[in-house]
Amino acid sequence: MNFPDFFRIEREGKGRSSHYIVHTRDPKFSMEIVPDRDAPDKIGRGVIKRLCIPNSCLGDYTKYSEFVATAQDFFRQSFSEPAPKAETKRICT
């Protein structure tokens, strides 16, 4: 699968990691997700902790449910296939 509009941010803290999936095109949204420890591979599709979407799109649940499902697929696949160094994007602050 190709996920050009998604990227994952990983943060370590207090003995566990938090992951943020960001969709960069319309509809823009972000979600905080943690690995599913009950999944056979200990990652699974992740457990959604927080979802941030624009207020203007709140009524269109079908549209966002498709994007959230795709974001979860991106989360799972981002652990399985390492990207070539030329393709990775790093943002340092």
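Analyst: The following account treats the sheet, then the helix and core, and finally the salt bridges.

This is a predicted model, in which local features need pLDDT of at least 70 and side-chain atom pairs count only at pLDDT 80 or more, while totals for chains, interfaces and linings use all residues. Residues are numbered from 1 along each chain as its sequence is written, and side-chain values use heavy atoms, with hydrogens and water left out.

Four strands form an open sheet in the order β1-β2-β3-β4, with antiparallel pairing. Its edge strands, β1 (6-13) and β4 (47-52), each pair on one side only. On average, neighbouring strands of this sheet are turned by 20° against each other, direction ignored. Strands here are DSSP runs of E with at least two residues, helices are runs of H or I with at least four, and both are numbered from the N terminus. Two strands pair if DSSP finds at least two bridges between them. Five antiparallel bridges join β2 (residues 16-23) to β3 (residues 29-34); Val22 has Ser30 in β3 as its bridge partner.

Helix α1 (residues 61-80) lies across β1, β2, β3 and β4 and runs at about 50° to β3. Such angles, from 0 to 180 degrees, are taken between N-to-C directions of axes, which are lines fitted to C-alpha atoms, for helices over the stretch in contact (heavy atoms within 4.5 Å).

The largest nonpolar core has twelve residues, among them Ile33, Val68 and Phe75. Such a core is a set of buried Ala, Val, Leu, Ile, Met, Phe, Trp, Tyr and Cys residues joined through side-chain atoms within 4.5 Å. Buried means under 20% relative accessible area, exposed over 50%, and partly exposed in between (1.4 Å probe, protein chains only). The most is given to this core by α1, with five residues. Neighbours within four places in sequence aside, the contacts of Ile33 include Ile21, Val47 and Phe75.

Six salt bridges are found in the whole structure, each a side-chain nitrogen of Lys or Arg within 4 Å of a carboxyl oxygen of Asp or Glu. In one of them, the side chains of Glu32 and Arg50 meet at 3.1 Å, N to O. This pair links distant parts of the chain, for Glu32 is in strand β3 and Arg50 in strand β4, 18 residues apart. Glu32 is buried, with a relative accessible area of 7%, whereas Arg50 is partly exposed at 48%. Glu32, Lys49 and Arg50 are linked in a network of salt bridges.
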